[in-house]
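I opened this notebook to keep a record of what I looked up in one protein chain, going from the whole fold down to single residues. The entries follow the order in which I looked.

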Amino acid sequence: MVAARAGVSAATVSLVTSGKTAGRVSQANIDKVDAAVTELGYVVNGLGSSLAKGRSNIVILVAPDVSNPFYAKVIAGVREGIGPEFQLLLSVTEAGHTPESADVRRLLALRPAGLLVDAPSARFLAELQVSDPMVLLDAAGIESAAPSVNFDVAHGARMLAAHLAQQGHRTVAYLDSTTGTETFRVRREAFFREAARLGIDVAAQGEATIDVGAAALAFTEAWPGWSHQGVTAVVCATDTHAYGVLQEARVAGVAVPAALAVTGFDDLPYSETSNPGLTTVQLPALEMGKLAGELLRGLMAGEQAAAPHLTLDAALVVRGSTVDPVLAGAGQGLPAG
């Protein structure tokens, strides 16, 4: 229809709409096709084009919870890394739930150019079994399954344990995520090992989805027992969990940090301005997304990755939730290594 309206061949329309006119289509014919496209409201059939080419210009990012500000930074980094020639499509699960491989396999019918998977579980990767270019993000513990960009979450967890030991804590509780992804297992096990080495007893453990309300409820239910056990600090798998603990500690009249120290993981934007400011492990989410996007872009171009497994340093940021605000200052970053 566009070709008939413009008085040119269908091949000419294809060249114009795909931006491949240089040296092949006259400006007069380009103008005719553009006018016909506007008049008819024509939109290129991207799926049809991908069938013809064998792949689309779509990159799929599988992420567990884009409502979390942490993932907003990851997404921004990925978009920068893959470049403007690719469209980023998000596959998002319900907050705190791991993605299902069957859902992602259905998306592969779109013939994506590449796939990015954030915080995967070993089960998910085993079931997925894709041959398309794929990069893993925050995949500590299973990073060898595919090219990956990771955080040194184990060292971050060890820094938390060392900080609490320096503050004199000997009995702590650990509030974990129910997500079941490997990154949470790695940080939990690293903290437990370092705590034991430093003489800290992890006397209790709870879990909740990555949600402030769920974490608040978990703390409310567990605190009487934790208090009876002599718990003086709660280590949270994410900042979001820590926000719930801070909220309910305030409701229960538990002074932070005088009676209870609270720590998180991620260093979300609100962590600096929470009351008190949250001591947490800072993870460079924007940089991770950018590096993962760049790594995938190279794989999609058929290049061999020079460094298929990248690890970014974590940093401990000390704030008022574990020490007196005057001593914590505005937030002291202690880099990994």
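**Entry 1: the whole chain.** I began with contacts, where contact means heavy atoms within 4.5 Å, and found that residues 24 or more positions apart account for 71% of the contacts in the chain with a separation of 6 or more. I noted that this is a predicted model, in which local features need pLDDT of at least 70 and side-chain atom pairs count only at pLDDT 80 or more, while totals for chains, interfaces and linings use all residues. Residues are numbered from 1 along each chain as its sequence is written, and side-chain values use heavy atoms, with hydrogens and water left out.

I then looked up the secondary structure, which comes to 13 helices and 13 strands; helices (H or I, at least four residues) and strands (E, at least two) are DSSP runs, numbered from the N terminus. Of the 337 residues of the chain, 51% count as buried, where buried means under 20% relative accessible area, exposed over 50%, and partly exposed in between (1.4 Å probe, protein chains only).

**Entry 2: the cores.** Next I looked for nonpolar cores, each being a set of buried Ala, Val, Leu, Ile, Met, Phe, Trp, Tyr and Cys residues joined through side-chain atoms within 4.5 Å. The largest has 78 residues, and those with the most contacts inside it are Leu116, Phe191, Trp226 and Val234. Helix α8 gives the most to this core, with 8 residues. Another core, of 14 residues, lies apart from it and includes Ile58, Leu125, Met134 and Ala139.

I followed up valine 234: not counting residues up to four places away in sequence, it touches Ala173, Leu175, Phe219, Trp226, Val245, Leu260, Ala261, Val262 and Thr263.

**Entry 3: two helix pairs.** Two packed helices are described by the angle between their axes and the distance between the axes. The axes are lines fitted to C-alpha atoms, for helices over the stretch in contact, and the angles run from 0 to 180 degrees between N-to-C directions.

I found helix α8 (residues 153–166) packed on helix α9 (residues 182–197) at an angle of about 35°, with axes 8 Å apart. The crossing of α8 past α9 is right-handed; a crossing is called right-handed if the near helix is turned clockwise from the far one by less than a right angle, and left-handed if anticlockwise. Among the residues that meet here are Leu160 and Leu164 in α8, and Val186 and Phe191 in α9. The residues of this contact divide into 10 nonpolar, 1 polar and 3 charged, with Ala, Val, Leu, Ile, Met, Phe, Trp, Tyr, Cys and Pro counted as nonpolar, Asp, Glu, Lys and Arg as charged, and the others, Gly among them, as polar.

The second pair is helix α5 (residues 69–82) with helix α12 (residues 285–300), packed at an angle of about 35° with axes 6 Å apart. Here too I noted a right-handed crossing, of α5 past α12. Their contact divides into 8 nonpolar, 4 polar and 5 charged residues.

**Entry 4: helix α2.** Which residues of helix α2 (residues 10–17) are buried? I listed Thr12, Val13, Leu15 and Val16. Seen down the axis of α2, these buried residues fall within an arc of 160°, so they line one face of the helix; the arc is that of the directions from the helix axis to the C-beta atoms. What covers them includes α1 (2–6) and α3 (27–40). After α2 comes glycine 19, whose phi is positive, near 75°.

**Entry 5: around strand β9.** Aspartate 266, in strand β9, has a positive phi of about 130° although it is not a glycine, and at 7% relative accessibility it counts as buried. Aspartate 267 lies in the loop between β9 and β10 and has a positive phi of about 60°, again without being a glycine.

Serine 271 is found in the loop between β9 (261–266) and β10 (279–282). Is serine 271 buried or exposed? I noted serine 271 as buried, because its relative accessibility is 0%. Leaving aside neighbours within four places in sequence, serine 271 is in contact with Asp239, Tyr243, Gly277, Leu278 and Arg319.

Last, I noted two cis peptide bonds: one runs from valine 256 to proline 257, with omega near 10°, and one from asparagine 275 to proline 276, with omega near -5°.
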